[in-house]
Amino acid sequence: SCRDCDSPWVKPEFDVVYVVTATNENGCIATDEVRVQVVKVERVFVANAFTPNNDGANDFFFVQGGRGTERVRIFRVFDRWGENVFESRLTPLNVPEIGWDGTLNGKEMNPGVFAWYAEIEFSDGTIELFKGSVTLLR
């Protein structure tokens with residue numbers, strides 16, 4: 001927040017070591033280190049159902065992310081037989097139109113439950129795997 005105030009504060013996104021130096025009125029100097037360990041709260045959301053009926057609401061199945069998320073490295077959706085019905089790579093988060101629209105080769109898929117997984121890259125360079133299921137409703 002400031003370099004020479006009485007009560008500085010920080011809000012780091014990654015683990016960091018700060019070196020603190022203080023000088024008193026007599027010119028005596030003291031130095032110490034403060035290690036701040038950041039506990040990452042995963043800010044990734046993937047819906048468990050969607051309705052691709054072109055009504056403008058919930059028409060796409062996509063990955064959403066908050067602060068600290070960078071991009072989707074890979075996002076795949078599989079039918080109940082394990083066939084890959086959708087795949088995207090190196091895409092931004094929070095963009096519905098680049099998600100799955102419930103089709104395969106331009107044809108509407110029947111309602112059902114599909115498995116998915118996504119590799120998400122965070123701003124600190126780490127990559128985490130998320131997986132689950134989604135219900136396609138028509």
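Me: Ala, Val, Leu, Ile, Met, Phe, Trp, Tyr, Cys and Pro count as nonpolar, Asp, Glu, Lys and Arg as charged, and the others, Gly among them, as polar. How do the residues of the lining of the largest pocket divide by these classes?

Reply: The structure is a predicted model. In the lining of its largest pocket there are 11 nonpolar, two polar and three charged residues. This pocket holds about 490 Å³ of space. It has 16 lining residues, and C2, R3, P8, V19 and V20 are the closest to its centre.

Me: Which elements give two or more residues to the lining of the largest pocket, and which one gives the most?

Reply: Strand 1 (16–23) and strand 2 (29–36) each give two or more. Strand 1 gives the most, with five residues.

Me: What is the volume of the second largest pocket, and which residues lie nearest its centre?

Reply: Its volume is about 310 Å³. Among its 14 lining residues, E13, V38, V39, K40 and V41 lie nearest the centre. The lining as a whole divides into six nonpolar, two polar and six charged residues.

Me: How many cavities of 30 Å³ or more are found in the whole structure, and what is the volume of the largest cavity?

Reply: The search finds one. The volume of the largest cavity is about 60 Å³, and it is called a cavity because a 1.4 Å probe fits there but cannot get out.

Me: What lines the largest cavity, and how is the lining divided by class?

Reply: The lining consists of F62, V63, V72, F75, S88, T91, P92, L93, V95, I98 and G99. Eight of these residues are nonpolar and three are polar, while none is charged. At least two lining residues come from strand 6, and at least two from strand 7.

Me: Why is T91 called buried?

Reply: T91 has a relative accessible area of 15%. The limit for buried is under 20%, so T91 is classed as buried. This residue is found in strand 7. Apart from neighbours within four places in sequence, T91 is in contact with R71, V72 and I98.

Me: Why is L90 called exposed?

Reply: L90 also lies in strand 7. Its relative accessible area is 53%. Exposed means over 50%, and L90 therefore qualifies.

Me: Why does N58 count as partly exposed?

Reply: N58 has 43% relative accessibility.

Me: What makes up the open sheet, and how do you know which strands are the edge strands?

Reply: Five strands form the sheet in the order 4-11-10-6-7, with mixed pairing. Strand 4 (49–50) and strand 7 (84–91) are the edge strands, as each pairs on one side only.

Me: How do you know that strand 4 and strand 11 pair?

Reply: Pairing requires at least two bridges, and two bridges join strand 4 to strand 11 (residues 127–136), so they pair. The two strands run parallel. F50 has L136 in strand 11 as its bridge partner.

Me: Which members of the largest nonpolar core touch the most other members?

Reply: They are F61, V63, F75, V77, W100, W116 and I120, out of 22 residues. Strand 10 provides the largest share of this core, five residues.

Key. Residues are numbered from 1 along each chain as its sequence is written. This is a predicted model: local features need pLDDT of at least 70, side-chain atom pairs count only at pLDDT 80 or more; totals for chains, interfaces and linings use all residues. Side-chain values use heavy atoms; hydrogens and water are left out. Helices (H or I, at least four residues) and strands (E, at least two) are DSSP runs, numbered from the N terminus. On a 1 Å grid over the protein atoms alone, a cavity is a set of points where a 1.4 Å probe fits but cannot get out, and a pocket is an open set with protein on both sides within 12 Å along at least five of seven lines; lining residues have an atom within 4 Å of a point. Grid points are joined across faces, edges and corners, and a volume is the space filled by probe spheres set on the points. A nonpolar core is a set of buried Ala, Val, Leu, Ile, Met, Phe, Trp, Tyr and Cys residues joined through side-chain atoms within 4.5 Å. Buried means under 20% relative accessible area, exposed over 50%, partly exposed in between (1.4 Å probe, protein chains only). Contact means heavy atoms within 4.5 Å.
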